Amino acid sequence: MELVSCDTFVVLADKTESGEIIFGKNSDRPCGEIQEVVHYPSQSHQKDAKLKCTYIEIDQVEKTHAVILSKPEWMWGAEMGANEHGVVIGNEAVWNRLSNGSEDLIPRLLGMDLLRLGLERGATAREALDTITALLDTYGQGGQCSNIISDFSYHNSFLIADQKEAWVLETAEKLWVAELVTSGVRNISNCMSITTNITLCHPDLKPRAKKNGWWDGETDFNWCQVIGVTAGDLTDPGSRFSCGRKLLETGASQNKFTVSSMMSVLRDEPSGINRPSGNFPTAGSQVSILGKDGRVPCHWFTATPSPTRSIFKPFTFKMDLPLSPSTNSSSPSSRERKHELWVHQADSIVEVEELRKIEDMYINKAMGNRNSESSKENLFNAATEEELTLYCS
């Protein structure tokens, strides 16, 4: 089975039309898996509270941030999401010299658990990164990564951003490196992508690499070369990583990149970034613009497969709640864990032009409301209802 899934992108403020960072991700998951979009409020917890993640229990913190997540319905963690402070994270499956089929299946924290924990506990991108690396060191990563494919496990890379900067975090077992990104464009796929531009790393990484003969201790430390790349290809121009970077660079060449530009990247099928079918189809997508000078961060989610056949629906943490039950697999309207929007999209044949009309209207509404403290209308819910009406017509 071809093990490819997901692409995550960020365009920094110097390359966007509004001078704000723009983030995007496609989540490609095993065929048949359902992805939901759900909101969890900020919460206070007792000092000694415990938290049950997908497989293991860990120590809870006293305060967690509000989050909106796009997540496989069966797990605790998430593929992508945002928190109330404007932090966003997407993750990727990666394999390397430390990947071990049996060892990696031992229940620990999934990469998706780490992603959600980073959002719930980090008020900045750097805080989220520090949260993930600390939890990785304490609990490790591992466990079955699918409820459909048996013996499916992997290590993880992450793209983390806020309105100031972005970080790429790549892991192998408990080892990790991180690269700070403050300008231009950056993307990650199913391959290690950090080479020698290492801003932070695990304190044991270089000593272990030298001891094990992975690195001579004298040449520049190249993470990709040292840790080994066993999936994806960083340099092949036909790879999703290379195609994704080219799409970003082309879209940002005039420093006019927009939310719609990122949606177009996520809809690109020739590159393999948008996968409408196959073993690992695109199950959900997110685009976020992260705010500046009083403009509220805004996050768009599809909550449905294939962004070409979906509407990106806007959400801000200023909007009235609750979030629509139509994207929640636990709602009474769901069918065998397929939420209502998922069910009706699958049964519908709708012209793409009709979907885009609704999407464009809500992009304009959301972008126009970002400076207004008094605007609490839940545009995500309204767009979801219009999309449902269109599917059911």
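Biologist: Hi! What should I know before we start?
Modeller: It's a predicted model, where local features need pLDDT of at least 70, side-chain atom pairs count only at pLDDT 80 or more, and totals for chains, interfaces and linings use all residues. Residues are numbered from 1 along each chain as its sequence is written, and side-chain values use heavy atoms, with hydrogens and water left out.

Biologist: Which residues lie nearest the centre of the largest pocket?
Modeller: Cys31, Gly32, Pro281, Pro305 and Trp342, out of 17 lining residues. A pocket here is an open set of points on a 1 Å grid over the protein atoms alone, where a 1.4 Å probe fits, with protein on both sides within 12 Å along at least five of seven lines; lining residues have an atom within 4 Å of a point.

Biologist: And which ones for the second largest pocket?
Modeller: Twelve residues line that one, with Glu84, Val296, Pro297, Phe317 and Lys318 nearest its centre.

Biologist: Switching topic, which residues touch the most other members in the largest nonpolar core?
Modeller: Trp223, Leu248, Phe257, Met262, Val287 and Trp300, in a core of 67 residues. A nonpolar core is a set of buried (under 20% relative accessible area, 1.4 Å probe, protein chains only) Ala, Val, Leu, Ile, Met, Phe, Trp, Tyr and Cys residues joined through side-chain atoms within 4.5 Å.

Biologist: What does Met262 touch?
Modeller: Leaving out residues up to four places away in sequence, Met262 has contacts (heavy atoms within 4.5 Å) with Phe9, Val10, Val11, Ile22, Phe23, Gly24, Leu248, Phe257 and Val287.

Biologist: What's in the second core?
Modeller: That separate core has 28 residues, including Cys53, Leu69, Ala78 and Trp167.

Definitions and conventions:
Buried means under 20% relative accessible area, exposed over 50%, partly exposed in between (1.4 Å probe, protein chains only).
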